[in-house]
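Here is a short briefing to read alongside your structure. Take it as a friendly tour, with the main points grouped by topic.

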Amino acid sequence: IGVLDIRLFNLDRHLGNILVLKDSEGQHILTPIDHGYTLPDIRDLSDANFEWMYWKQCKEPFCQVVDDYIKRLNPFQDAMILRSLSIQPPAILTCVTTTLLLQYAANQKLTLYDIASLTQRSGLKQKPSQLELIVKKALEQCNEVFSPQQYNLSDLNIPLPSPKNVKNNTTNTNNMNNNVVITEAGPTPKSSPLASSLESNSLD
C-alpha cells in the first residue's frame, strides 16, 4: 500500500481509506480504497500526508520481494500507458518522479518511513518537502516557470521511449537521445534534470 501511495502520490490516504478484510483463508488483510485524489500536478505536491508512515512496519527494511519489485518498475513505460489513457502531462510527470525517487531511495536502503518523510512537509507544513525542492530545481533547470501553466512533456525534455520500441521492458535507446537506458531491471536515467537533482540532493 505504501509503495502504491508513493507512486501515485495519494493525497487522501487516511486510515478510513484502508479496510481490514478477511481473505478466503480467514486471514486479515489490508485493502486500500478510494484513489480519486491521486497523481496531482507535478508543481503541486504540498498536500502529501501518509498516515501509515507512523506504523512500525514502515520503519523496517523492504523485504526482498518488494525490493525486487521496485527495481523492476519502469516509470517511462508507465508514462506511455498513462498518456494513452489521456492523463495530463503534469500528472504523468508526478508518477515518473515519485517512481524514480522510490527507486533511488530503495537503492540506498531507505525505509518506507524515510521515503514518506521526503515527500511530505513536516510540522506546520510551511516549508516545502525535500521532494518539492528537488522538483522545483529540476523544473528550473528545464527553464520551466514554477507556476500552474500547462505544458507538454516535450517542453521539459523528459525523455520517453517510443511506444513501438517498447516490448517486454526493453527498448532501443536511439530514439531517446541516449538520455535513458531501459533494461530488464528498469530505466536508468543517464542525463536529465530530474536525475541530476535526485543525485545532487542528499536523501539522508
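A residue counts as buried when its relative accessible area is under 20%, as exposed when it is over 50%, and as partly exposed in between. Pro-32 has a relative accessible area of 24%, so it is partly exposed. Please keep in mind that this is a predicted model.

**Confidence**
- The protein chain has an average pLDDT of 76, and 70% of the residues reach at least 70.
- Helix H2 (residues 64-72) has the highest confidence, at a mean of 96, while strand E3 (residues 180-183) has the lowest, at 35.
- Residues 144-191 have a pLDDT below 50, yet in the model this stretch makes 101 contacts beyond near neighbours in sequence.

**Overall layout**
- Seven helices and four strands make up the elements of the protein chain.
- Starting at the N terminus, their order is α-β-β-α-α-α-α-α-β-β-α.
- The protein chain has 204 residues, and 46% of them count as buried.
- Among the contacts with a separation of 6 or more, 69% are between residues 24 or more positions apart.

**Around Pro-32 and Leu-19**
- Pro-32 sits in strand E2 (residues 28-32), and Leu-19 belongs to strand E1 (residues 18-22).
- These two residues are 13 residues apart along the chain, and their C-alpha atoms are separated by 6.3 Å.
- Leaving aside residues up to four places away in sequence, Pro-32 touches Ile-1, Arg-13 and Asn-17.
- Leu-19 has a relative accessibility of 32%, so this residue also counts as partly exposed.
- Leu-19 is part of a nonpolar surface patch with Leu-21, Ile-29 and Ile-33, and together they have about 270 Å² of accessible area.

**The buried face of helix H5**
- Which residues of helix H5 (residues 112-119) are buried? They are Leu-112, Ile-115, Ala-116, Leu-118 and Thr-119.
- Viewed down the axis of H5, these buried residues fall within an arc of 155 degrees, so they line one face of the helix.
- The cover over the buried residues of H5 includes helix H1 (2-8), helix H4 (89-107) and helix H6 (130-141).

Key
Residues are numbered from 1 along each chain as its sequence is written. This is a predicted model: local features need pLDDT of at least 70, side-chain atom pairs count only at pLDDT 80 or more; totals for chains, interfaces and linings use all residues. Side-chain values use heavy atoms; hydrogens and water are left out. pLDDT is the predictor's confidence in each residue, from 0 to 100. Helices (H or I, at least four residues) and strands (E, at least two) are DSSP runs, numbered from the N terminus. Contact means heavy atoms within 4.5 Å. Patches are made of residues with over 30% relative accessible area and no salt bridge: like charges are joined within 9 Å, nonpolar side chains (Val, Leu, Ile, Met, Phe, Trp, Tyr) within 5 Å. Accessible areas come from the Shrake-Rupley method with a 1.4 Å probe; for residues, only the protein chains shown count as cover. A salt bridge is a side-chain nitrogen of Lys or Arg within 4 Å of a carboxyl oxygen of Asp or Glu. Buried means under 20% relative accessible area, exposed over 50%, partly exposed in between (1.4 Å probe, protein chains only). The arc is that of the directions from the helix axis to the C-beta atoms.
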